[in-house]
Amino acid sequence: MNGLEHELRALAPLVEWPETPDVVPGIAIPATAPPPRRRPSRSLGLVFAVVLLALAVALAVPPARTAILDWLGIGSARIVHVDELPPLRPTVSLELLGERTTLADARRRAGFPVAPPPRGEPLPDEVRVVGGRRVSYLWRDGDRIRLLITQVPGLLQRTAILGKLIPPSVKIERLMIDGDGAVFLTGGPHAVYLLGPSGSFEEDDGWLAGSTLLVDRGGTTLRIEGSLDRERAVELARAMT
Amino acid sequence: MVGRPLDETTLVVRAKHGDAAAYEELVRMHQAIAFRVALVAAGDRGDAEEAVQDGFVKAYRALGRFRDGAPFRPWLLRIVANEARNKRRASGRRSGLALRAAAAASGDAAPSPEAAALSHERRDELLAALAALDSRDRDVLVHRFLLDLGEDETAAALGVRRGTVKSRTSRALDRLRVVVGEERP
């Protein structure tokens, strides 16, 4: 090793690096997550393939053509950064939210653990269920939906997969809520896609504006949408434990 | 986890079987070097932090494909550096990281005699010379000397072969000598 190399090595401890952030809280790996698999099972691989195919088809159709930039997994959701959003319809498709029913019936038919509506809040105006796939609580303001809370089963336990298409303008904040990984999305519209048990690909337009909190509840993903700031969304999530 | 700290191989095996606490321990072991590698690749602190987070998540999801007994750090650094480069490309930012010398050595340990012997002027001169290099030359020297990575780890982080690291390091040192005026171009 010559003099210059010695000098560079001597320089190493003198370099002023920015303080290393503790990234552990930002890494949403629930303690109950199934072990990573050496190879995806055939059924899981098929699910992934269908999701990717569905995304590819959706994104290939103008004006929904878009470039996938990045993936971020949270519970059963897949967040996909895109440079352009497909057009959105202005209202929630209630058909996608399923049949209107009672809370007890929804919990019975859900097929996965369902958190009750948030404590200390008015009861939802509607409870809707898609058996084995989704339970939704809706709070209405006339014809509009003021708040929507949806629970879907986790990726590895069920076949329902949620994908979110996010334009670069949307801000993504990663959070930990009482040990659960979460992301809070603000700053613009986003589209939601769902893969049904039959393999069909359904667009769930969700809200045109507002914010979304996704919480990984270890096998179930909680989605809270509405005109909410982060603190209010987190408060609602905490009231659903 | 209590008692004697587990070694890396054991932590990797446990993490592969779904032990989230073991993986968190791996994250804590490697987040500092991962962050610095990401910082060099991304050239931006915020992007580097995101790249490290995303890289650790991707590495966790890919653990099933990780070969038992293989060194974990180069594998991890490859994933994190890839994430960081992707973020830099997405931002349209050019590679470049401004490094500064601290007034004192980082950490609690006393500076080595070699570090103590390096004058403030010489430190600044070397860092300025590194900054003046082409990004490929600068990156290989930063990884090899300032981050103290081995050739395999540098190759993984830069996404090149080990032989390329060797030849690039040699050329980059030659160019650095020219910049600091120790050798004619």
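**A first walk through the chains**

Guide: Read from the N terminus on, the elements of chain B run α-α-α-α-α-α-α-α-α, where helices (H or I, at least four residues) and strands (E, at least two) are DSSP runs numbered from the N terminus. This is a predicted model, in which local features need pLDDT of at least 70 and side-chain atom pairs count only at pLDDT 80 or more, while totals for chains, interfaces and linings use all residues. Residues are numbered from 1 along each chain as its sequence is written, and chains are lettered from A and ligands numbered from 1 in the order in which they are written.

Visitor: How many helices and strands does chain B have?

Guide: Chain B has nine helices and zero strands.

Visitor: And how much of chain B is buried?

Guide: Of its 185 residues, 40% count as buried, a term for residues with 20 or more other C-beta atoms within 10 Å of their own, whereas exposed means 12 or fewer and partly exposed lies in between, with C-beta atoms placed from the backbone.

Visitor: Where is B:Arg93, then?

Guide: B:Arg93 is found in the loop between helix H4 (72-91) and helix H5 (113-117) of chain B, and it is partly exposed, with 13 other C-beta atoms within 10 Å.

Visitor: Which residues does B:Arg93 contact, leaving aside neighbours within four places in sequence?

Guide: B:Arg93 is in contact with B:Gly43, B:Asp44 and B:Arg88, contact being C-beta atoms, placed from the backbone, that lie within 7 Å.

Visitor: Switching to chain A, what order do the strands of the open sheet take?

Guide: Eight strands form that sheet in chain A, in the order S3-S4-S5-S6-S13-S12-S9-S8 with antiparallel pairing; two strands pair if DSSP finds at least two bridges between them. Strand S3 (99-101) and strand S8 (171-177) of chain A stand at the edges with a single partner strand each, so one side of each has no neighbour in the sheet.

Visitor: What about strand S6 of chain A, is it enclosed or open?

Guide: Strand S6 (residues 144-153) of chain A is largely enclosed by the rest of the structure, because eight of its ten residues are buried. Seven bridges join S6(A) to S5(A), antiparallel, and A:Trp139 stands opposite A:Leu147 in S6(A). Another seven bridges join S6(A) to S13(A), also antiparallel, and there the partner of A:Val152 is A:Thr221.

Visitor: Which residue takes a positive phi in the hairpin of S5(A) and S6(A)?

Guide: In that hairpin, which has two residues between the strands, A:Gly142 takes a positive phi near 70°.

Key:
Contact = placed C-beta atoms within 7 Å.
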